[in-house]
Amino acid sequence: MLHQAGFNNAVATLGTALTKEHLPLIAKGNPKVIIAYDGDSAGIIAAFKAAMLLSLAHKEGGVVIFDKGLDPADMVNNGEIKQLKDLFYAPISLVDFVFGEIIAKYDLKNPMQKDSCLKESLEFLHQLSLVLQEEYRIWLGQKLHLPLHLIPTKVHKNNIKPTSEILQSNEDYYTLVEKIIIKSVLEDMDLLEYVMNYLESSMFFSQREAYEKLLKKDLEDSQLIGILLDERIKAQNKEMLKRQMIMILYKHYDERRKILIKDSTLSLREKSFLLRKLQQYLENLKKGDLIVDESFNF
């Protein structure tokens, strides 16, 4: 109905709640996201959950609530196109809506409830970026009539180090590479088979468990969700992803080469043959040739 009314950038979740699985689709093009729900209790709860989900995914946008039992289809049928446009152009911001709903649950005249309201508000606040935390702590102080020293900001414990620091540590660097591969697949599941053809879970170091969950398509896993929502990890297209995969393969087979050198169970002739073959494979990887050679799985 919205498309018939000229709102061609509208999509529906077809009767389900907005979930984390929708985020990779929404993320394409980094649009401003306006969510619209009925004004009944179920609609408000759904809007609250969706607004929180999008806020923590660092999406810009807002919430529109349809009062008096109406929905967009009703308004289109009634010819209220201008009213619809006005609603969509003046939504409540996502973060404002979340905080507003948290505060509305409590009686702020009751000290115990006010304390509970502050705790829930801080729990949400501390998941936002530091810039948003600084902005909204002032807003919260005014709403809750509290001094600012009771509303501190908090640095995220899971912050990823700057690239300059990452490059100084091979372990951290390859952690980033592994997360890039995983996030690239999460944002485009069509890449999964491509990655599976070359990378086994044993080739991953810090993100092995996450990769195994990805192979099982366990998209509700908290570790995968954390990687997906971390905007500092940039997904890659297929060509750029190939480079990341080559890095993982090179690291893995270079380790196999070191093990082979120390292997005392092979004859000198066998070891020399395998080392030459393995060295050639590593050289091919350096040239950008993404190939699989199962003869190295010794």
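**View 1. Helices and a strand around the largest pocket.** In this predicted model, helix H1 (23-27), strand S1 (33-38) and helix H4 (81-89) each bring at least two residues to the lining of the largest pocket. Of the elements that take part, S1 gives the most, with six residues. Keep S1 and H4 in mind, as both come back in the sheet views.

**View 2. Inside the largest pocket.** Here we zoom in on the space itself, which comes to about 1400 Å³. The lining is made up of 33 residues, and the closest to the pocket centre are Ala10, Val11, Ile34, Ile35 and Ala36. What kinds of residues make up the lining, by class? There are 23 nonpolar residues, along with six polar and four charged ones. As for how such a space is found, rolling a probe the size of a water molecule over the atoms shows where empty space is left.

**View 3. A three-stranded open sheet.** The strands run in the order S1-S2-S3, and their pairing is mixed. Which strands sit at the edges? They are S1 and strand S3 (92-93), each of which pairs on one side only. In general, the strands of a sheet pair through backbone hydrogen bonds, either parallel or antiparallel.

View 4. Strand S2 (residues 61-66) pairs with S3 in the antiparallel sense, over two bridges. Look for valine 63, whose bridge partner in S3 is isoleucine 92. Helix H4 packs on this sheet and touches both S1 and S2. The direction of H4 makes about 140 degrees with that of S2.

**View 5. Histidine 145, with a positive phi.** Most residues other than glycine have a negative phi. Histidine 145 has a positive value, near 55 degrees. To find histidine 145, go to the loop between helix H7 (130-144) and helix H8 (163-166). Is this residue buried or exposed? Histidine 145 counts as exposed because its relative accessibility is 65%, and the cut-off for exposed is over 50%.

**View 6. Lysine 217, another positive phi in a loop.** For lysine 217, phi is near 60 degrees, again a positive value in a residue other than glycine. Where does lysine 217 sit? Its place is the loop between helix H11 (208-215) and helix H12 (222-229). With a relative accessibility of 55%, lysine 217 counts as exposed too.

Methods
Residues are numbered from 1 along each chain as its sequence is written. This is a predicted model: local features need pLDDT of at least 70, side-chain atom pairs count only at pLDDT 80 or more; totals for chains, interfaces and linings use all residues. Side-chain values use heavy atoms; hydrogens and water are left out. On a 1 Å grid over the protein atoms alone, a cavity is a set of points where a 1.4 Å probe fits but cannot get out, and a pocket is an open set with protein on both sides within 12 Å along at least five of seven lines; lining residues have an atom within 4 Å of a point. Grid points are joined across faces, edges and corners, and a volume is the space filled by probe spheres set on the points. Helices (H or I, at least four residues) and strands (E, at least two) are DSSP runs, numbered from the N terminus. Ala, Val, Leu, Ile, Met, Phe, Trp, Tyr, Cys and Pro count as nonpolar, Asp, Glu, Lys and Arg as charged, and the others, Gly among them, as polar. Two strands pair if DSSP finds at least two bridges between them. Contact means heavy atoms within 4.5 Å. Axes are lines fitted to C-alpha atoms, for helices over the stretch in contact, and angles run from 0 to 180 degrees between N-to-C directions. Buried means under 20% relative accessible area, exposed over 50%, partly exposed in between (1.4 Å probe, protein chains only).
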